[in-house]
Amino acid sequence: MTQLQAGPPHPAASPGTSPHGGEVTKQARVRVLSVLVEDGSNTLSKISGLIRRRGFHVRSISVGPSPQPGRSRMTLTVDAGHAETDQVRKQLERLVEVIEIEDVTGEDVHSRELVVAKVKASQVAGLVERGAKVLNTGAEGTTVEFAGEGKDVGDFIDELMRHGVLDVARSGPVVMRRTA
Amino acid sequence: MILEALEREGVEVIFGYPGGANLPIYQHLHEHPKLKHILVRHEQGAAHMADGYARACGKPGVVFATSGPGALNLVTGLCTAYMDSVPMIAITGQVNSTQVGRDAFQESDVIGATSSVTKHSYLVTHIDQLPRVIHEAFHIATTGRPGPVLIDICKDVQQANAEPVTPERLDIPGYQPNGHVNLDMARTAAHALASAERPVILAGHGVLLSHAEQELFKFAEKAAAPVGTTLLGIGAFPVNHPLSLHMTGFMGTGWNLKAVQNADVLMMVGMRVDDRVTAKLADFAPNVKTFIHVDIDGSEMGKNVRPHIELVADARNALEAMTPHVGEVDAGRGKWLAQIDAWREEHPLKYTHSNGHLQPQDVLIDMYRRCRSEAIVVADVGQNQIWAALWWNYDRPGLFINSGGAGTMGFALPAAIGAKVARPDKAVWCVAGEGGFVMTAQELSVAVEQNLDIKIVILNNFSLGMVRQFQDDFYGGVRSQVDMTVIPDFVKLADAYGLPGIRVDTLEQVGPAMDAAEKTKGPFLIDFRIDPEANVYPIVPLGKSLNDFWEAPDK
């Protein structure tokens, strides 16, 4: 006999209420999804359009080709808005363009973000000590890159800000489950 | 090549309108006598006709439109079909592939404009894609949870020459509809419902789409569980059956709402559980301990109501799997059914019929006496829709067609045309208010041209009745922009379009007018001048719970 799922049933979509009746922290409303998609001219707009239409919000999005020809891997960080959090995955799953989707929120994953920044040449030594790599140096400054977990990238950018950064570009995360 | 592919998919009828960007398709239409093309008068009409066609016979409706305005005129019709899960294929012409993005004449981003109202869509820029795309489109439109699929084909592709290819096997990795039933869950669900003290089953459009009426009937009888339907589920369970709760939702019957609000186990089959069903969500079915939800679309689980037992499966398979496990029915069941009977007595459907005006319910009751189960009723949106839903004893599927989810005014006439094309053996009655009727009245030409035997019933109260009722009851009685006093004389309009029409002002005139309509082979219009103050009851005040339904005043 299958166990009944626990928890009060309704209303499912009341903001601030979890499917199990408790308060939901803001953090828990944000889902990290690893999505394998069919390449196509409409794929990105279908995904972003669906997210908008259902009242979700994109926090970050990274896309790149997957090893399988004609398919790309997306890492989406999405705020479920007023909907039950699992709706994000379920709604995306309905799209024909979506081949596989995995909700990796809170899972044991490697998560990496990339930041590329232009700084004054005098600042570089400290940054390299933190793990930054120098990409090029010129009269206008030095360009460095740094990759790491979201928090480390955030700390790195805070440090840059203190030193007077000239320009900075930051990616969203890409994630992969840790090997057992 | 497009037309050959359509023939291969079993298409018999196309509702369409030619234009600059689909000329190459129309050039070859005459070479395909097996494809009957019906020339509409506005593309929205084509979409609703295809929709009515699909709902009446189950085959996907097919629409042709040209690029730009032609395709964009389909949007409302696509949305109507999408909301109600109706299979449809829309084939739109697009400018030449080399011109896309250059704002060419009659170019518009049709894929962009329709993505949110289609199940899937394709832009075809090369002839090689075409056979696969058309084959996939029909597969996607008709399987799983059905829906409209749009194929936007560049004009140069339509003109390209290629050997007709039979498409290879379907390979759509991102589309795997689940019809499989989790048997453990089915057993749990059957047991939960049978052993409940106060069970209720609600059946939606999904039951009709999966042809699960017989399975629902067997299951409900075995479990001795009362069955209500949603507006779109009407016909899924015979209304005159002792277990019937008739229609649910915020304009549902009193005994249905009482049952839902007092149930301890509620099984929802093939439905979305939308706001028109739940009214105030937080107070929906407050005594339910176990919600059971059966739907083929997993995203419906917990979208509005979080079920305790969920079955993501085709309704027919699920009900079939459940029935053997019903087991012993709870001993208190007789008491529950007696309570429902008491509510049925206490809260009957009623209306005023002594204020000197013709009442819409009298018209529908006369219609029903004539047609019973031999006619398909196609309703528009508004008061006419709810009257047609409640004042007719639908005892089998496929007799009631209306736009439930989108609530598209102007749906009825073109949808009735589509339904008649699909089911020439059935009488088809179109029921509309004067407001919705004038939105798509140009399609009368199609009914005349095709000599379709459709009876058009206009319940004319010279106002946007449902809006007027809401304004009267929920918006401080301020009547704003609801007068429809300046509209055509519908009898003259019918004459201008070339069909007979008759005006009815009194109850005594109803019978003879109906006789005349029935005697006429071909389209016939009746302009019923009904009570301008007639309202829809029961009704749940906006924002209130199902407990708070209002009934028709006694006088």
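I started at B:Leu266, whose bridge partner in β11(B) is B:Phe291. Before going on, I noted that this is a predicted model, where local features need pLDDT of at least 70, side-chain atom pairs count only at pLDDT 80 or more, and totals for chains, interfaces and linings use all residues. Residues are numbered from 1 along each chain as its sequence is written, with chains lettered from A and ligands numbered from 1 in the order in which they are written.

Next I looked at the strands. β10 (265–269) and β11 (290–295) of chain B run parallel over 5 bridges; strands pair if DSSP finds at least two bridges between them. Strands here are DSSP E runs of at least two residues, and helices are H or I runs of at least four, numbered from the N terminus.

The whole sheet is open, with 6 parallel-paired strands in the order β9-β8-β7-β10-β11-β12 of chain B. I checked the edges: β9 (244–247) and β12 (309–312) of chain B each have a single partner strand, so one side of each lacks a neighbour in the sheet.

What packs on the sheet? I found helix α12 (254–262) of chain B there, touching β7, β8, β9 and β10 of chain B. Contact means C-beta atoms, placed from the backbone, within 7 Å.

Then I turned to chain A. Its domain assignment gives domain 1 (27–103) and domain 2 (109–177); the bounds come from an automatic or database assignment. Their C-alpha centres are 27 Å apart. I got 7 residues of domain 1 of chain A in contact with 5 of domain 2 of chain A. On the domain 1 side, β2(A) gives the most, 3 residues.

Conventions. Contact = placed C-beta atoms within 7 Å. Axes fitted to C-alpha atoms, helices over the stretch in contact; angles between N-to-C directions.
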